[in-house]
Amino acid sequence: MTWIIEFKGDLSETSELNMDGSASIRAVSLVNGGDLPKALTNLLTYAKDSGISPSSIIRCEELSTFTPTLEDGYTSEEITTALRRLKPESLAEFTYAISSEAEADDEAIEIGLERESSK
Amino acid sequence: MKGALSLAECRPEFKVDCTLILNNGRDKKDFILRTALDSVAVWKSKNTEIPISPFQGKVNLTSKDAAIIENDVWVFGVDATKSQDVFAAVKIGMDYYKAKATDIIGDVYVKNLNTDHQDSLSKHDLIIENKKLYSGVCKAVLEAAKLLGVQGVINFYVISSNINHKIPVQDLHAALKDGGAEKIETDNIQYKMWSGSNSGQKAVIIKQNLHLASLKI
């Protein structure tokens, strides 16, 4: 089974994904797991490998019954792309991730994000 | 015909926008030459869904794997801290685009360079290694440009957040100066863009700054 899980987590200074001094990150992920507890364990492991300590689950649904939307991380194209990368042995794959510094700044100029917002 | 050179690329999804210039300006480029440290085989294994048209780029008696990807020439196995690698990549780009060296290496872009040894380093040592990386790339670009007969000023653009723990802005500027930059400018514009991890396996939208180092030959 695959789950689509949006979460927020604390981002360590040394995380490979911390490139703008952010304290946290919000991500939407596709997660493998036979049941929800297993999926959450896999997500925790996947996140910790990248220096992320999940602090809250924002949304969680089973992918087979999920209908894509136009929201970042939930579009058909983003899900399809992440599914291609999600192998049976994989723990998880992000469909979308944004740092707290980027999310908090509404005035920053978006470069190359058109594909996200136009979906 | 005006082009640009983007070094140390990973996945096309996070490739550098080489039209960016200071103060949120745009400078249209007719073609882009991109290089990746990965071999073409490793790159393909990370990007199985991306169609590529591979070819062998020949430089004197040696050759490098290259490919057309989304209309850009990519050259693989390029260590951007090695002038011979940069030289070979630019020569391949010159042959393909029928362009002069200066039209490729005149505008160079790098985004969020980070040493491969991050996990084994303290924060302090990581900054030192990344400073060496940036200054090493500057020196390699300058040396390659000399070998290619380029004269004048090279615009070396760096995309990196001012508060990047891996190399804060003061350290970045010091590294660029050590690499030969005569002048470094950073504007006040903030950008949001995708940036990938070293392996390219994960990416996140982050806040960035644009820096311009002028490398004079």
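B:Met1 sits in the segment before β1 of chain B. Is B:Met1 buried or exposed? B:Met1 counts as exposed, because it has 11 C-beta neighbours inside 10 Å. Take B:Asp30 as an example: 29 residues separate it from B:Met1 in sequence, while their C-alpha atoms are 5.9 Å apart in space. Please keep in mind as you look around that this is a predicted model. For the complex, the predictor gives an ipTM of 0.94 and a pTM of 0.95. Chain B has a mean pLDDT of 96, with 100% of its residues at 70 or more.

**From B:Met1 into chain B**

What does β1(B) pair with over five bridges? The partner is strand β4 of chain B, residues 31-36, and the two run in the parallel sense. Within this pairing, B:Ser6 has B:Arg34 as its bridge partner. β1(B) also pairs with strand β8 of chain B, residues 107-111, again in the parallel sense but over two bridges. There, B:Leu5 stands opposite B:Val108.

In soluble globular proteins, nonpolar side chains tend to be buried together. Beyond residues up to four places away in sequence, B:Val137 touches B:Leu7, B:Ala80, B:Thr81, B:Val110, B:Leu113 and B:Gly179.

**The two chains in numbers**

Here are the overall values for each chain.

| Property | Chain A | Chain B |
|---|---|---|
| Helices and strands | four helices, five strands | five helices, 13 strands |
| Radius of gyration | 14 Å | 16 Å |
| C-alpha box, roughly | 40 × 30 × 20 Å | 40 × 40 × 30 Å |
| Buried residues | 39% of 119 residues | 47% of 217 residues |

In chain A, among contacts between residues at least 6 apart in sequence, 72% join residues at least 24 apart. In chain B, residues 24 or more positions apart account for 69% of the contacts with a separation of 6 or more.

**Strands of chain A**

Along its sequence, chain A follows the pattern β-β-α-β-α-β-α-β-α. Strand β2 of chain A, residues 24-32, has eight of its nine residues buried, so it is largely enclosed by the rest of the structure. β2(A) pairs in the antiparallel sense with strand β1 of chain A, residues 2-11, over nine bridges. In that pairing, A:Lys8 stands opposite A:Arg26. β2(A) also pairs with β4(A), in the antiparallel sense and over seven bridges. Here the bridge partner of A:Val28 is A:Tyr96 in β4(A).

**Where the chains meet**

How many residues does the contact take from each chain? There are 24 from chain A and 28 from chain B. On the side of chain A that touches chain B, the elements giving two or more residues are β4 (92-99), α3 (100-104) and β5 (109-110). β4(A) gives the most, with four residues. By class, this side of chain A has 11 nonpolar, six polar and seven charged residues.

Strand pairing also crosses between the chains. Two bridges join β5(A) to strand β11 of chain B, residues 191-196, and these strands run parallel. Which residue of β11(B) is the bridge partner of A:Glu110? It is B:Lys192.

Methods. Residues are numbered from 1 along each chain as its sequence is written. Chains are lettered from A and ligands numbered from 1 in the order in which they are written. This is a predicted model: local features need pLDDT of at least 70, side-chain atom pairs count only at pLDDT 80 or more; totals for chains, interfaces and linings use all residues. Two residues are in contact if their C-beta atoms, placed from the backbone, lie within 7 Å. Ala, Val, Leu, Ile, Met, Phe, Trp, Tyr, Cys and Pro count as nonpolar, Asp, Glu, Lys and Arg as charged, and the others, Gly among them, as polar. Two strands pair if DSSP finds at least two bridges between them. pLDDT is the predictor's confidence in each residue, from 0 to 100. The radius of gyration is taken over C-alpha atoms; the globule rule is 2.2 Å times the number of residues to the power 0.38. A residue is buried if 20 or more other C-beta atoms lie within 10 Å of its own, exposed if 12 or fewer, and partly exposed in between; C-beta atoms are placed from the backbone.
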